[in-house]
Amino acid sequence: MIGFPAKLTVDPARSLSYLTGVSKLEIITLPDRKLRTASTPVERIDDETRRFLDDMLETMYEAPSIGLAAIQVGVPRRMVTIDVARREDEDAEPDPIFLINPEILWSSDERAVHEEGCLSIPEYYAEVERPAAVRVRYLDRDGKLQEIEADSVLAVCLQHEIDHLDGTLFIDRLSKLKRDMVIKKFSKQAKIIGKPAL
Ligand SMILES: [Zn+2]
């Protein structure tokens, strides 16, 4: 199992320390090769981890997006933030989920098609077919083991973000023709502004 390290250290949160100094992180985009990195499990959950998760959440909200994986801000560790509350209701209260070392335990045979986009592939959207429901095990920001069963948008988001931790992008789930077109487009753009091509 890639998701769970042999040893895990959890330091309790110092009171309120995570409320100070939240900062926005820079999101990397195609053709940055880092997006293809397989992220490694988190072995220590401490105040620094929690601060980073808070920064990720803030970055996700400001984007705005419903999900973010740590590798999207250039950090190859298995951490994800998700909040789908406002996707269904604009006035909904924030309902963030912090996932450390998430792992898909079960996927439904039933499949569903949803339109997906990604902060690392700006302004590109496509319909992707995935299992309609999943059960995911993860550690929360306090290092407590949690399980969640999800369908609909949350199931899509969980699968999309966990894919990122393995270096997989949603365009990898499209036809080769479509994927190559997207990669070509972003590589071309990057060359114009002088970034290395994918
Ligand atoms: Zn994404």
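The text below takes the metal site and then the cavity.

The model is predicted, with local features needing pLDDT of at least 70 and side-chain atom pairs pLDDT 80 or more, while totals for chains, interfaces and linings use all residues. Residues are numbered from 1 along each chain as its sequence is written, and side-chain values use heavy atoms, without hydrogens and water.

**Zinc site**

Cys 118 (SG), His 160 (NE2) and His 164 (NE2) coordinate the zinc ion at 2.1 to 2.3 Å. Donors are N, O and S atoms within 2.8 Å of the metal (3.2 Å for Na, K and Ca); water is not among the atoms, so sites may look incomplete. Along the chain the donors follow the spacing C-x41-H-x3-H. Cys 118 belongs to strand S6 (residues 111–118) and His 164 to helix H3 (residues 152–165), so this pair ties together parts 46 residues apart in sequence. Helices (H or I, at least four residues) and strands (E, at least two) are DSSP runs, numbered from the N terminus.

**Cavity**

One cavity of 30 Å³ or more is found in the whole structure. On a 1 Å grid over the protein atoms alone, a cavity is a set of points where a 1.4 Å probe fits but cannot get out, and lining residues have an atom within 4 Å of a point. The largest cavity holds about 40 Å³, a volume being the space filled by probe spheres set on the points. S6, strand S7 (121–131) and H3 each supply at least two residues of its lining. Among the lining residues are His 114, Glu 116, Arg 130 and Ser 152.

Notes. 1 Å grid on protein atoms, 1.4 Å probe; cavity = no way out; pocket = protein on both sides within 12 Å on 5 of 7 lines; lining within 4 Å.
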